[in-house]
Amino acid sequence: FVVMSGFVTHWAYGHRLATGVLSAKRYFVRRLAHIVVATYVAMLAGLAVTLCVPALREEYLPPWYGLLGCFVFLVHWIRPEAWCPSPPTWTIEALIPSWLLYPWTRRLIEKAEDHGGGKALVL
C-alpha cells in the first residue's frame, strides 16, 4: 500500500508539479486535505462506536492525550503500539512525511536524472 501510494502520488501530481501548473502549496492542500478529512471521519466514527459499546470503551479507550496524539498524527511515532479509533491511522502517519517531502524529492531525482541519466538514479 505504501509503495502504491508513491506511484499514485507521482502519477497524479508529478507532471503538474514539474511544469509549474501546480504549486507545492496547492499540492499540499489538495493531497493532505482529502486524506486528513477522510481519516478524521473514520476516527470519529470509530470513537463513536467505542464510546457506545461499554466493552470496547473499557478495553480500548485511551486517555485524552492519546486521542489527541491520534488526531495530530503523531502517536504511533512515539508509541507504535498505541490504539487509535481508526486502526489504519498509523499508515497515514507513516505517509504524511513522504507526501510533505515529495515536491522536493521529485525535483532532486529529476535533476539527478537530467545530469547523469539512469546511472545517477542508481547511485
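**Contacts and pocket**

Guide: W64 and Y65 are both exposed, where exposed means over 50% relative accessible area, buried under 20% and partly exposed in between (1.4 Å probe, protein chains only). The model is predicted, so local features need pLDDT of at least 70 and side-chain atom pairs pLDDT 80 or more, while totals for chains, interfaces and linings use all residues. Residues are numbered from 1 along each chain as its sequence is written, and side-chain values use heavy atoms, with hydrogens and water left out.

Visitor: How many salt bridges does the structure hold?

Guide: A salt bridge is a side-chain nitrogen of Lys or Arg within 4 Å of a carboxyl oxygen of Asp or Glu. R79 and E81 form one, with the closest N and O atoms 3.4 Å apart. R106 and E110 form another, at 3.2 Å from N to O. The number in the structure is two.

Visitor: Is R106 buried or exposed?

Guide: R106 lies in helix 6 (residues 89-122), four residues from E110, so about one helical turn separates them; helices here are DSSP runs (H or I, at least four residues), numbered from the N terminus. E110 is partly exposed at 32% relative accessibility. R106 has a relative accessibility of 9%, and therefore counts as buried.

Visitor: Which helix supplies the largest share of the lining of the largest pocket?

Guide: A pocket is an open set of points on a 1 Å grid over the protein atoms alone, where a 1.4 Å probe fits, with protein on both sides within 12 Å along at least five of seven lines; lining residues have an atom within 4 Å of a point. The largest pocket holds about 270 Å³ of space, the volume being that filled by probe spheres set on the points, which are joined across faces, edges and corners. Of its 12 lining residues, G6, H10, Y102, R106 and I109 are the closest to the centre. Helix 1 (2-19) and helix 6 each give at least two lining residues, but the largest share, seven residues, comes from helix 6.

Visitor: What is the angle between the planes of Y13 and Y27?

Guide: Rings of Phe, Tyr and Trp (its six-membered ring) pair if their centres lie within 6.5 Å; planes under 30 degrees apart are stacked, over 60 edge-to-face and the rest tilted. There are eight aromatic pairs in the whole structure. Y13 and Y27 form an edge-to-face pair, with centres 5.1 Å apart and an angle between the planes of 80°.
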